[in-house]
Amino acid sequence: MDFSSFLTSLGTSFILFLVLMVLFTWLSRRPGNHPVYYPNRLLKGLDPYEGLRAPRNPFAWIREALSSTEDDVIRMSGVDSAVYFVFLSTVLGILVISGVILLPVLLPVSATAHTVIKAAVAAAANSTTSQGSFDDLDKLSMGHIDQKSSRLWAYIIATYWVSFVTYYLLWKAYKHVSNLRATALMSPEVRNEQFAVIVRDIPPAPEGQTRKEHVDSYFRAMYPDTFYRSMIVTDNAKVNEIYEELQGYKKKLAHAEAVYALSKTTAKPEGTKPTTRTGFLGLVGQKVDALEYYDKKVKELVPKLEAERKATLKDKQQCAAVIFFNNRVTAASAAQSMHDKTVDAWTVMDSPQPHQIIWSNLPKRFYTRRIRQLTIYFIVFLTIFFYMIPIGFVSALTTLANLEKYLPFLKPIVEQKTIKTVLEAYLPQVALIVFLAMLPKFLLFLSKQEGIPSESHAQRAASGKYFYFSVLNVFIGVTIGSTLFTTFKKIEEHPNSVVDLLAKSLPGSATFFLTFVALKFFVGYGIELSRIIPLLVYHLQKKYVCKSENELREAWAPGDLGYATRIPGDMLIVTIVLCYSVIAPLIIPFGVVYFGLGWLVLRNQVLKVYVPKYESYGRMWPHMYIRIMASLMLYQVTMLGYFSVKKFVKGAPLVILLPIFSIIFILVCNEKFYRSFEFTPLDVACRELKETPNMEVIFKSYVPPCLHSDKDDEEDQFEDHALSQLMKTGSAV
């Protein structure tokens, strides 16, 4: 990519961001758009502007974001959101402090390497391709330093500087997040999940005992003073299917009633009853009165649901349970204790929030979970391996030279100056982003198949898979793929040259990643801030689809930050910027803008828009930390390889120490901090509560919606059918 194409990409991305920011300011001031731009505040009963005037300039949101505190974030969106901003601030600090030294030192060192520049020009003159040439931006990279040059000492020192800045700021961040988690968990507020634990791998009940009696007697013997009761997990597949069908017909009935009521005000006074068809999706089949049809379906499903609910509680008990204690210290202690002499029986873990639980995964046995986990890892490995092929192919194919070569009919179009500039600026990056957008849901599905018990845990697992996929396929895949066609014959002739080719191609890929990062922060965060797509969807649904209040609320439901995809995307940028921070220091300002702008935009979104689906009290931090360290170690190994390519024998051995330092740092941090994230410390759990917990309310909050009864006098039937009415025989699993 030449300098003009790079400036075109950067300039158009920046202009697009400014346009979207102005559009956001104008649209967010209109009261009819408040459900799209301020749903978090509206749901909490707050004024969208908190008593202030509507913003009159496109930068007012920046002032609000900068003036907000960490306590504001926790109050509006929880501890997980605050931890995410600790991550953004930490990475931003690493890049700023690193850049303060690297930019003024390394750029002059590269730019004044005259002998190498002359050699490069001579090589370009004798070459029929552009492989030997240096673009304007490449003149500021490490590729301009001659082999064995004493100037490489500056890059050795820079490599150490980036590493130790990262160690220092990560240590501070880990300590800060640990305190945030402890402060949240020692809150005097009653939180239901702090009084419950999950028990899996329950052995078959002895003869003469029910599953319920077996579990109760086991835990009552261990915790006689604090054990409250147990809830046996059941197979809810059938009852949940009926429940979902019933809820669907109730929504359709409410929609039909709203349409009928609206027709009385817009047409004849008696109104026009809506109709539907009884076939597939209401599109085929006999035409009937919608009100009567949906009401009939609801009345048919209610007794069917009640019958299935009772059958589920009686006959479909599983080898897992939720145990309730009237003391949160006991619950915390039980969650981190080994209750049986073998690991595959009476496995106890702390409970997530009730709505987070993946009930179908709780009964899966210990060794089943292990086999599933290994199988999923193998599938993910195959996914990563085979995805590298199309990504590398697309990366290589979407260069203009290869497009003209392999798709010659496009040559007249590609050769036009304006189109050529735009394609060089955007085509490879857009192709890469489209590829990455196809994967997250598949990885989340795979993570849930491992037998993971909670939604937040599944999100963290999917995030990890997506991160390693992104690093291996994007960073490594694109770096190799950018020279795939031209270097294939060299690799075929000299298989041992793969490492050298990878190291040599790193500086040449720097401009691609500069543009990739710029496209991500200007266009990505511009779309994020303006919320154009959610706004259009909301108004289209409001005008043509939503007729009832519930439908309208669902139309503007904002969702959460989407950690499973957002964090791996950020981690990819961390990896790219770290790995190129010394090789091509010019990428550092782009990383600073990405994380600085991301901090501002997402601060606004967290305070006004997104509503968290769950709260894990910062449990994602150890995963974020270890992936930053993985990126740092990849950077250190990359630099070691590049110094070897430069044949810098004096300095290269010094870089070998850095991965060792990183491993030691990881071990020290894990020993000091990790257990407080894996379990709740008893010192934290023992703090006083401001009120006595209502254990019956806590118990009922864990009953799945499909097992709730609408009849007040049947509230205890969950207990009755699950316990007393069973025959006194052991239930096999």
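Which helices are included in what covers the buried residues of α27? I began my notebook with this question, and I first recorded the ground rules.

**Entry 1: Basis.** I worked with a predicted model, in which local features need pLDDT of at least 70, side-chain atom pairs count only at pLDDT 80 or more, and totals for chains, interfaces and linings use all residues. Residues are numbered from 1 along each chain as its sequence is written, and side-chain values use heavy atoms, with hydrogens and water left out.

**Entry 2: Whole chain.** I noted 30 helices and six strands. Helices (H or I, at least four residues) and strands (E, at least two) are DSSP runs, numbered from the N terminus. Of the 733 residues, 50% count as buried. Buried means under 20% relative accessible area, exposed means over 50%, and partly exposed lies in between, with a 1.4 Å probe and protein chains only. I also looked up contacts, defined as heavy atoms within 4.5 Å. Among contacts with a separation of 6 or more, 83% come from residues 24 or more positions apart.

**Entry 3: Helix α27.** This helix covers residues 652–678, has 27 residues and reaches 38 Å from its first C-alpha to its last, close to the 39 Å expected at 1.5 Å a residue. The expected span is 1.5 Å times one less than the number of residues. I found a kink of about 45° in α27, centred on Glu671. The bend at a residue is the angle between axes fitted to the seven residues ending there and the seven starting there. The buried residues of α27 include Phe665, Phe673 and Phe677. To settle my opening question: what covers the buried residues includes α8 (152–185) and α26 (621–645).

**Entry 4: Aromatic rings.** Rings of Phe, Tyr and Trp (its six-membered ring) pair if their centres lie within 6.5 Å; planes under 30 degrees apart count as stacked, over 60 as edge-to-face and the rest as tilted. By this rule I recorded 32 aromatic pairs. Phe24 and Trp61 form an edge-to-face pair, with 6.4 Å centre to centre and 90° between the planes. This pair links distant parts of the chain, since Phe24 is in helix α1 (residues 3–28) and Trp61 is in helix α4 (residues 60–67), 37 residues apart. Phe24 and Trp61 are both buried. Tyr466 and Phe469 form a stacked pair, at 6.4 Å centre to centre and 15° between the planes. They are three residues apart in helix α18 (residues 455–481), so about one helical turn separates them. Ring pairs also link a cluster that includes Tyr160, Trp171, Trp621, Phe665, Phe673 and Phe677.

**Entry 5: Charges over rings.** A charge sits over a ring if NZ of Lys or CZ of Arg is within 6 Å of the ring centre and within 35 degrees of the ring normal. Arg229 lies over the face of Phe699, at 3.6 Å from the ring centre. Arg603 lies over the face of Phe85, at 5.0 Å from the ring centre.

**Entry 6: Strands.** Is Ile198 buried or exposed? Ile198 is buried, with a relative accessible area of 1%, and lies in strand β1 (residues 196–200). Its contacts include Ala321, Val322 and Leu362. Two strands pair if DSSP finds at least two bridges between them. Four bridges join β1 to β5, which run antiparallel, and Val197 stands opposite Ile323 in β5. Six bridges join strand β2 (residues 227–234) to β5, also antiparallel. Strand β5 (residues 317–325) is mostly covered, with eight of its nine residues buried.

Technical notes
Lists of a residue's contacts leave out its neighbours within four places in sequence.
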